[in-house]
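Visitor: I am new to this structure and would like a close look at a single part of it. Could you take me through the salt bridges, one after another?

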Amino acid sequence: MSLQKKQSKVSLNIKISSDLDFRLKRARKAAREQGLMFNVSKEVEKFLEKEVKKVERHLSIDEEIKGNLEDLGVLNIDKLMKSMD
């Protein structure tokens, strides 16, 4: 098992309808009752990641982002490219 550095997280506050809030709470409760876990933050982060990638491609800023991540040592393009082979 390889060790991974824990990525720091920031809070994102969004407004949702009261109906959706009720449904989310009901889904989380049902999951807990069945010994499962419904992690809303994880699911929202996955969705946002996909949407941001689309926007970055559309705005042609994905190369700039990759460069910034490489500079910060967060992203290793060579390793990423090898993993895609």
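**Salt bridges along the helices**

Guide: Lys46 has a relative accessible area of 45% and is therefore partly exposed, where buried means under 20% relative accessible area, exposed means over 50%, and partly exposed lies in between, with a 1.4 Å probe and protein chains only. The model is a predicted one, in which local features need pLDDT of at least 70 and side-chain atom pairs count only at pLDDT 80 or more, while totals for chains, interfaces and linings use all residues. Residues are numbered from 1 along each chain as its sequence is written, and side-chain values use heavy atoms, with hydrogens and water left out.

The partner of Lys46 in a salt bridge is Glu43, with the closest N and O atoms 3.7 Å apart; a salt bridge here is a side-chain nitrogen of Lys or Arg within 4 Å of a carboxyl oxygen of Asp or Glu. By this rule there are five salt bridges. Glu43 and Lys46 are three residues apart in helix 2 (residues 40–59), so about one helical turn separates them, helices being DSSP runs of H or I with at least four residues, numbered from the N terminus. Glu43 is partly exposed, at 38% relative accessibility.

In helix 1 (residues 18–33), Asp19 and Arg23 lie four residues apart, about one turn of the helix, and their salt bridge has its closest N and O atoms 3.9 Å apart. Asp19 is partly exposed at 47% relative accessibility, and Arg23 is partly exposed at 44%.

Asp21 forms a salt bridge with Lys25, with 3.2 Å between the closest N and O atoms; these two residues are four apart in helix 1, so about one helical turn separates them. Asp21 is partly exposed at 29% relative accessibility, whereas Lys25, at 52%, is exposed.
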